[in-house]
Amino acid sequence: MTAPATDAPAAPEAPAAAPRRSSAGLFAARFAVIGVWLALIAVYGILEPDTFLTTGTFQTIFGSQLALVFLTAALLCTICVGEFVDLSVASVLGLSATLLPVLVVDHGWNIWSASLAAIVAGGVVGAVNGFLVVRVGVNTIVVTLGMGTLLLGVALWLTNLTAKSGLPREFGEVSLYRVAGLPLGFYWGLVLMLVFAYVLAFTPLGRNMRFVGANREVSRLAGVRVDRIRFGAFVTAGLVCGLGGVLAAAAVGGFDPTTSQSYLLPTFAATFLGTAVLQPGRFNPLGTLIAVYFLATGILGLNLLGYTGWVTSVFYGGVLVVAVTVSSLFHRRAG
């Protein structure tokens, strides 16, 4: 009669260890890339202590990624609503960055009017992309690949295949003015990503964007205006690229349109690597921001070690493959 009474309490105790293992695993997944980043800094510091472990090195890492931060934010706008391959973002930024000095230097526009026109131009391109993808139903890859190539050609035509410069030096302060040792461009990118993260996490718009990205048909049945959100994502992406282009042009006093395509691979690498940071398996702005500076650290460290030229393509390409693989594994486990 007493045996069942002594065995009964033991059963509920078995599952207690599972949450602890799950919490530890989740913590490791969220912060593994940050740990690798710190380890990378330590390795470079040991190998090149006189050149890497300096204030100037870290100012370069955090102060030179303005264009990439804005491009990843623009790409996240469309990715969060399920449009994963916007291949036009780099060219949209390049067009806006090119249009600004062309209007100011060649046509005598006021710098602020030209800046507004360059940002609006980015929004118009985003609206065209959105119309073709959302309203007409053309494949996203086809639309954005064609648009990116078209815009690159337009930018080259506007500048006669040369770099365009001559913006007022004082205008550069909107990107270069230093606060706590870092240029203002760093803080613009930080504010952009923080606002984006807040919108996604704490507003109805952000929840609807996630909902649409997860399942359009279910979202439509739930009353979400799916097409409006998708179209708005493309327009917002264009505006973000336009703003990033203006700030990038301000930082260097002009722009070389031939360099815009070099941003495309790093943009995708950082965005997908961001899915392995803070919110595993989910595209998120803060994780992407960390990934941008992780990649910048890796490239700069390799350059200081004497690896230049080819190493950039190898590093970004390798990171992109690994990041997409990790993202796929996270999504598979979530499924």
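**Entry 1: glycine 317**

I began with glycine 317 and placed this residue in helix 15, which spans residues 310-334. Helices here are DSSP runs of H or I with at least four residues, strands are E runs of at least two, and both are numbered from the N terminus. The model is a predicted one, in which local features need pLDDT of at least 70, side-chain atom pairs count only at pLDDT 80 or more, and totals for chains, interfaces and linings use all residues. Residues are numbered from 1 along each chain as its sequence is written, and side-chain values use heavy atoms, with hydrogens and water left out.

I noted a relative accessible area of 23% for glycine 317, so this residue is partly exposed. The classes are buried under 20%, exposed over 50% and partly exposed in between, with a 1.4 Å probe and protein chains only. I then took the C-alpha to C-alpha separation of glycine 317 and phenylalanine 268: 9.6 Å in space, for 49 residues in sequence.

I next looked up threonine 275, in the loop between helix 13 and helix 14. Is threonine 275 buried or exposed? Its relative accessible area is 0%, so threonine 275 is buried. A polar atom of its side chain lies 2.5 Å from the backbone oxygen of phenylalanine 272.

Leucine 278 is in the loop between helix 13 and helix 14 as well. I recorded a positive phi of about 70 degrees for leucine 278, which is not a glycine. Leucine 278 counts as partly exposed, because its relative accessibility is 22%.

Alanine 180 sits in the loop between strand 2 (178-179) and strand 3 (182-183). With a relative accessible area of 75%, alanine 180 is exposed.

I found alanine 97 in helix 5. Alanine 97 has a relative accessible area of 0% and is therefore buried. Setting aside residues up to four places away in sequence, alanine 97 touches Gly245, Ala249 and Phe255; contact means heavy atoms within 4.5 Å. Alanine 97 and phenylalanine 255 are 6.0 Å apart, C-alpha to C-alpha, and 158 residues apart in sequence.

Phe255 is also among the residues touched by lysine 164, as are Pro101, Val102 and Asp106. Lysine 164 belongs to strand 1 (residues 164-165). Lysine 164 counts as buried because its relative accessible area is 16%. Which side chain makes a polar contact with the side chain of lysine 164? I found that of aspartate 106, at 3.0 Å. A polar contact is a pair of N or O atoms within 3.5 Å; within protein, one must be able to donate a hydrogen and the other to accept it, and residues adjacent in sequence count only if both atoms are side-chain atoms.

**Entry 2: the largest pocket**

I read a volume of about 610 Å³ for the largest pocket. Of its 30 lining residues, Ser64, Gln65, Leu66, Ala67 and Tyr263 are the closest to the centre. On a 1 Å grid over the protein atoms alone, a pocket is an open set of points with protein on both sides within 12 Å along at least five of seven lines, a cavity is a set where a 1.4 Å probe fits but cannot get out, and lining residues have an atom within 4 Å of a point. Points are joined across faces, edges and corners, and a volume is the space filled by probe spheres set on them.

Helix 15 is among the helices that each supply at least two residues of the pocket lining, as are helix 4 (66-79) and helix 12 (226-252). By class, I noted 18 nonpolar, 10 polar and 2 charged residues in the pocket lining.

**Entry 3: the cavity**

How many cavities of 30 Å³ or more does the structure hold? I found 1. The largest cavity has about 40 Å³ of space. Its lining includes Asp86, Asn129, Phe234 and Cys241. Helix 12 gives the most to this lining, with 4 residues.

How values were computed:
Ala, Val, Leu, Ile, Met, Phe, Trp, Tyr, Cys and Pro count as nonpolar, Asp, Glu, Lys and Arg as charged, and the others, Gly among them, as polar.
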